[in-house]
Amino acid sequence: MDSSNKMQAAVLIKYNQVEWKTVPVPEIRSDQVLVRVGYAGICGSDQHIFSGDFHPRTRVPFIPGHEFAGTVAGVGERVKHFEVGDRVCIDPIIPCGQCAACELEHYPACTSLKLLGVDMDGGFGQFVAADEHMVYKLDDRISERDASLIEVYSIGFHACNRAGLKADDTVAIWGGGRIGHSIAQAARTRTANKIFIIDILEKRLEIARQYYHNVITINPDTQDPVKIIQEHTHNRGVDVAFEAVGHAHETRFAPHPVRACVQSIHGAGTVCVLGLADDPAPIVMKELIWREAKIVASRVSHGEFSEAITHLGKGDLVPDALVTTVMPASDAQKAFNMLQENPDDYLKIVLDLNS
Ligand SMILES: NC(=O)c1ccc[n+]([C@@H]2O[C@H](COP(=O)([O-])OP(=O)(O)OC[C@H]3O[C@@H](n4cnc5c(N)ncnc54)[C@H](O)[C@@H]3O)[C@@H](O)[C@H]2O)c1
Ligand SMILES: [Zn+2]
Ligand SMILES: [Zn+2]
């Protein structure tokens with residue numbers, strides 16, 4: 001922040017065009033914290049914002065970024081728990097507080113859920129204003145870069161909580177993308193038992209084999225995942241199957257991922273779905289009912305920031321598996337182009353706001 005209260009930010013000036021430019025530093029209210037952003041991750045929804053898919057929910061000019069962390073640069077007079085210099089990350093979720101789900105304190109299901117960085121300017125600028133209750137202190141052992149992954153990890157931990165994942169459970173994860181890897185790493189903090197990761201992209205399976213212990217990777221274009229899962233679980237099936245695909249490609253050996261999840265679990269097992277596809281997912285109800293299985297949905301997170309911070313601090317997570325590339329935030333346009341042109345080549349691109 002210079003003396004004229006200006007900062008640099010990657011501003012989406014029109015759809016598909018980001019410019020690194022000088023803009024005013026946001027003003028904070030008395031209950032808000034001003035955060036100097038260190039690193040910010042690019043999420044799939046940022047790509048939708050970039051290309052205009054979220055219009056009119058998002059408008060231009062706009063500063064995206066809901067996965068970020070940094071250092072406290074200022075506090076409002078009513079802020080109690082933070083001071084300048086604290087290392088922090090931000091839970092971007094802003095529930096309405098009024099709908100039926102909010103009355104039940106079930107905030108991920110809020111019908112008008114807003115996100116800092118989607119519905120208001122976010123972390124692709126050097127400074128962000130955030131309400132004190134959205135701010136979490138970091139463990140000293142967490143690097144600035146890795147702190148930008150806490151939001152993604154909170155989604156993985158929330159999914160494990162929604163699925164009721166227990167110690168020693170076996171797990172199958174459909175989709176080895178950013179969310180699939182986040183779930184795999186969160187699951188690994190609870191169970192040392194087998195984890196199956198199913199994806200059609202060999203390089204994503206390769207990352208899993210390289211970084212995770214006791215993982216079995218399956219490409220449904222070359223192998224039948226349900227058969228392999230049965231073989232490795234003494235014809236029992238897994239305790240929990242997660243669907244983290246969304247728009248599913250057809251594969252040679254597996255049905256739609258949600259149906260395959262149902263076929264992979266044992267009787268009384270759990271399927272947890274996260275993928276945000278527009279198409280209906282075909283489920284054969286008999287397959288579900290015979291198992292008297294549970295299907296639960298998982299959306300964003302609900303306080304799992306603390307869990308993610310604790311495990312990241314203890315070294316239980318593998319951030320290097322998630323981060324493909326770090327780039328200066330001034331190159332944000334280039335980063336979005338890279339993701340648009342070769343989406344399969346990247347898990348996370350993280351923007352460095354310091355350079
Ligand atoms: N519920 C939530 O809280 C939440 C949060 C973030 C993202 N999402 C959604 O989760 C989904 C995954 O997000 P992501 O960022 O990991 O996306 P991603 O594109 O990085 O990962 C999806 C993966 O699925 C694989 N895939 C495609 N078809 C397949 C098939 N038939 N079988 C197995 N794998 C297949 C792709 O190769 C890819 O690796 C998206 O729909 C996204 O919108 C949900
Ligand atoms: Zn996101
Ligand atoms: Zn609400």
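This is a predicted model: local features need pLDDT of at least 70, side-chain atom pairs count only at pLDDT 80 or more; totals for chains, interfaces and linings use all residues.
Eight residues from domain 1 and eight residues from domain 2 make the contact. On the side of domain 1 that touches domain 2, I find five nonpolar residues, three charged and no polar.

**The sheet**

I then traced an open sheet of six strands. Its order reads S12-S11-S10-S13-S14-S15, and the pairing is parallel. Which strands sit at the edges? They are strand S12 (215-218) and strand S15 (294-297), each of which pairs on one side only. From one strand to the next, the twist averages 20 degrees.

I checked one pair by residue. Strand S11 (residues 195-198) runs parallel to S12, with four bridges joining the two. Phe196 has Ile216 in S12 as its bridge partner.

**Helices on the sheet**

H4 lies across strand S13 (238-243), strand S14 (265-273) and S15, and runs at about 145 degrees to S14. H5 also packs on the sheet, where it touches strand S10 (171-174), S11 and S13. The direction of H5 makes about 180 degrees with that of S11.

**H4 against H5**

How do these two helices cross? I see the axes of helix H4 (residues 150-163) and helix H5 (residues 178-188) come within 8 Å and cross at roughly 60 degrees. The crossing is right-handed.

For the residues in contact, I listed both sides. H4 brings Val152, Tyr153, Ile155, Gly156, Phe157, Ala159 and Cys160. Facing these, H5 brings Arg178, Ile179, Ser182, Ile183, Gln185, Ala186 and Ala187. By class, the contact of H4 with H5 has 10 nonpolar residues, three polar and one charged.

**Around ligand 1**

Last, I looked up the shell around ligand 1. Which of the 28 residues come nearest? They are Gly175, Gly177, Ile179, Gly246 and Leu276. H5 gives the most to the shell, with three residues. By class, I get 14 nonpolar, 10 polar and four charged residues around ligand 1.

My summary for H5: this helix packs on the sheet, meets H4 in a right-handed crossing and gives the most to the shell around ligand 1.

Notes
Residues are numbered from 1 along each chain as its sequence is written. Chains are lettered from A and ligands numbered from 1 in the order in which they are written. Axes are lines fitted to C-alpha atoms, for helices over the stretch in contact, and angles run from 0 to 180 degrees between N-to-C directions. A crossing is left-handed if the near helix is turned anticlockwise from the far one by less than a right angle, and right-handed if clockwise. Two residues are in contact if their C-beta atoms, placed from the backbone, lie within 7 Å. Ala, Val, Leu, Ile, Met, Phe, Trp, Tyr, Cys and Pro count as nonpolar, Asp, Glu, Lys and Arg as charged, and the others, Gly among them, as polar. A residue is near a molecule or strand if its C-beta atom, placed from the backbone, lies within 6 Å of it. Two strands pair if DSSP finds at least two bridges between them.
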